Amino acid sequence: MAEILRGRARSRQGLFREWIRTRTPANSWPALVGLAVFVAMLGLQQLIEPGTQRLLTSVFLFVALAQAWNIIGGYTGYASFGQVAFFGLGAYTVAVLMNSYHVSFWAALPVAVVVGVVFAVAIGVPLLRLRGHYFAIATLGAAEGAREVINNLTSVTGGGGGITIPTFGTDAPTPYFGKPGFYLAFLVLAAVSVALATVLARSRFGYSMVAVHEDEDAAGAIGINTTVVKVVAFGVSAAIVACAGAFYAFQQIEFYPTDVFDASFTVLMVIMVVIGGSGSVGGPLVGAVGLQLLSQFLRVNLGSFNQLIFGAIIVLVVVFFPQGVVIYVRDAWRTRHFSVLDNVRRYRL
Amino acid sequence: MSRFLQAAAYGVVQGGLLGLVAVGFSLVWGVMNVVNFSHGALAVAGAYVAWILNVRFGLDPFLAIPVVAVALFAFGYVVQRGLINLVINAPIFLTLLLTFGLNLVILNGLQLLFKADDRTIDTSYASQSFAIGAVNVPYGRLAACFLALGITVALALLMSRTRLGHAIGATGMDRGAARLMGIRARHIYAVTFGIAAALAGVAGTMIATVGSFNPTTTPGQLTLDAFVISVLGGLGNMYGALVGGLVLGIAESLGGLLLTGTWVNAIAMAVLIITLIIRPSGLIGKALYGGRVEV
Amino acid sequence: MLEVRHLAKRFGGLWALRDVSFSVSEGEILGVIGPNGAGKSTLVNLITGHARPTTGQVLIAGQDVTGRRPWVIAHDRVARTFQIVKPFRGLTVRENVAIGAMHGNERDGSVRDALATADELLELVGIAKHAHAAPTQLSVADARRLELAKALASRPRLLLIDEVMAGLRHHEIESAVELIHRLRDSGITIVAVEHVMKAIVSVSDRILVLHHGSILALGSPREVLSDPRVVEAYLGHRYVNRRSE
Ligand SMILES: Nc1ncnc2c1ncn2[C@@H]1O[C@H](COP(=O)(O)OP(=O)(O)OP(=O)(O)O)[C@@H](O)[C@H]1O
Ligand SMILES: [Mg+2]
């Protein structure tokens, strides 16, 4: 007994080593399925028409964004309504560097990520002391503020007139990727963010995010530095979002502050995570794929009614599956209890 | 100097109106801990009710106010009872999302019904003004500002003097205890949301009278203003909303005078964030629930 | 091991704790009692950094830790339980304890090792059979045991327990008392806040009585029980009634 209470010195292991070591045949199938899907998506690119390719590219983008939001909003429990700030900053960093300084895209990309992370830490340290709606509103304000600053720094960013990345001829620091290139880029980005989330979820850091989410006093009492956990989670999320913003900027070639700081990017991330199921890896994945395909379907088939129906679907899913579709299905499967009406009672007054 | 005074005067009357936009939003947030993304949409819905009454029946917008208030109250009551109450105990981003979805439905519904055009309610007096020295004060805005003041005071009295007000306040502080005292929380929440919707509708009517509105950009702007004002004034604090509205109104009109471009918006956001960091309970009063991690 | 000097805490106009000084030596079990609102939980919060003292100092092993953040104090080998249990609801009982083993002192290098440690600790506090249950499914007594296991997982030298015996049945109290003695024997210094008189008397080496935020008495159980002020202010009818049952 004395031995357990004193603890045994054991060597520490890195994230990936740890994850690999804990694989068993029973818990390896999601990773294998994921790998198979990735390979299938790679192959699929040769077979599909440009329209579908564009749609899938946007699906990949949102998979990455939803996974990123889930790290801070789902696992850590800090519902950021300002993640688009990192998207916009990533986009503008790349555009300004490529446009004004002729830096290649691949050199600008890491700078964009660093800019996103630095901004996340700068606003995260004071704002992550706020709880609940206060945090949500403050981050929303930070994103709106960041857009206004970019909008008014006309000499650097071109302001409201937008910015253009040179992509053709001798002016281009990096040749344009074209549709297949961006399909591949966003696919890899999505795969990396899913893999990162999977490994994080079962790591020490993953557990500390969950502890912070559940109860910060209790987390502190067992030795978790809650400030560091929150800021790091915010920073990791920002890094993915800024990276996505950088690729998006290059893909768009020309854009305005209102495009890349559009609050509806943030809202979509939140919706995808919540509807899929927050605090899980599968939730944001299913949410992003499902919602992006659904909204495309609605746009094509319902014309001017599509936004109305989209809003109604959000309302219904929130009411009927408040814990998210993936988690509802998982729990229902485990408990053999499928009643949706009982599910509604969960959070009812 | 006179330009400065003119801007300040405009800021004051505009601020009163903004206070009315925010007071219902602040009430809902303070009592139920729900941030209502559809608040601006409700205001615009109210504006359309008054606009129709004006276009079809020639009803003066100030006389249309009771109709707008009743219609929006009923809508708000039903929304809370039938939807928001169902997820009221869920993590906050669910209520945020629910009201966001609602916002999309209302906005796009209005857009399908009325097109995306800018509308305004024309009256003979709204654009007339009188002069105090070098400062012009438009009648319409002044009346709207006084109405906002009157309604805010009436609401504050309702909260502090009536049984209903006490029930709302008690439910906001401790729902469990309030229920034990026999307060029907579901009903009280629905009434609270109904009141907030009615106030939004009235504010929308005033905005339509002194300016213009549309279903695409107006709601988002109003919701954002309501956020900022509620944070400045402190949640669930009626007078706080008025003070926050005045601060924002004056700051925006003076800022517009002194700063180029849209820097004034950036500064408004900076003020919002700094207020949240150093005084999450708002400039006056205190919040009903904890806004900050302790220690 | 623990020394508290002139500690005071004010909430608005209320002094929850006023000029409290005492020390606990290594290997000792100090019981803390007092009526509702006496300031017992506040005392624990001030020691573990979950609240900042208005004035006064907290020293652990001779080192001033006043105003340090909770995790800093936890890494100084101080653990605590919460009166209102705070399990991580989204995780299993086993994972709840494992988190402590991952982040506390002498922490386990990997999640897998931490889970193994958690299993041993669950065995120790006697809830091993609930390892894979959700913490919300536990009984009051088992939820308290989980709190204890979580605290132990960080391998403390000083353990502060806030009412782990409240609401337990007789035989459950006995096994809890025995467990606390075993923990002390393994070298842990313990501050035990309790309401249950019988338990505190049998478990403590010394007892501290708080009343309205001030120390009313401090001494061996026998001394404290016979102190007339204690009998009057706190034990009064409560203890007398219990004995006459
Ligand atoms: N965060 C707080 N804000 C304001 N007052 C507080 C706070 N925490 C405790 N108090 C007050 O401080 C006093 C002491 O509380 P404390 O919880 O320390 O008592 P206790 O001895 O643990 O009581 P119990 O036996 O009920 O657990 C009480 O009057 C309580 O209301
Ligand atoms: Mg207590």
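Modeller: Across the interface of domain 1 of chain C and domain 2 of chain C, the rule finds zero salt bridges, and in this predicted model one residue pair is in polar contact there, with both residues at pLDDT 80 or more. On the side of domain 1 of chain C that touches domain 2 of chain C, helix H6 of chain C, residues 170-185, gives the most, with five residues. The residues of that side of domain 1 divide into eight nonpolar, three polar and four charged.

As for where these two parts lie in the chain, the domain assignment of chain C gives domain 1 as 1-77 + 164-245, in two stretches, and domain 2 as 88-155. The centres of domain 1 and domain 2 of chain C, taken over C-alpha atoms, are separated by 25 Å, and the contact takes 15 residues from domain 1 of chain C and 13 residues from domain 2 of chain C.

The size of an interface is often given as the accessible area lost when the parts come together. By that account, domain 1 and domain 2 of chain C bury about 1100 Å² between them, with 58% of it on carbon and sulfur atoms. Within domain 1 of chain C, the residues that lose the most area to domain 2 of chain C are C:Arg77, C:Val164 and C:Leu179, which together account for 43% of what that side buries.

The other interface to set beside this one lies between two chains. Chain B and chain A bury about 4500 Å² between them, and 77% of that area is on carbon and sulfur atoms. The contact here takes 56 residues from chain B and 50 residues from chain A. Between chain B and chain A the count of salt bridges is zero, while nine residue pairs are in polar contact, both residues of each being at pLDDT 80 or more.

On the side of chain B that touches chain A, the elements that give two or more residues are helix H4 (92-114), helix H7 (175-180), helix H8 (185-210), helix H9 (218-233) and helix H11 (263-278) of chain B. The largest share of that side, 15 residues, comes from H4(B), and the residues of the side of chain B that touches chain A divide into 38 nonpolar, 13 polar and five charged.

Technical notes: Residues numbered from 1 in each chain as written. Chains lettered and ligands numbered in written order. Predicted model: local features only at pLDDT ≥ 70, side-chain atom pairs only at ≥ 80, totals over all residues. Heavy atoms only, no water. Contact = heavy atoms within 4.5 Å. Buried area = accessible area lost by both parts, 1.4 Å probe. Salt bridge = Lys/Arg side-chain N within 4 Å of Asp/Glu carboxyl O. Polar contact = N/O pair within 3.5 Å; in protein donor to acceptor, adjacent residues only side chain to side chain. Helix = DSSP H or I, 4+ residues; strand = E, 2+ residues; numbered from the N terminus. Nonpolar A, V, L, I, M, F, W, Y, C, P; charged D, E, K, R; others polar. Domains from an automatic or database assignment.
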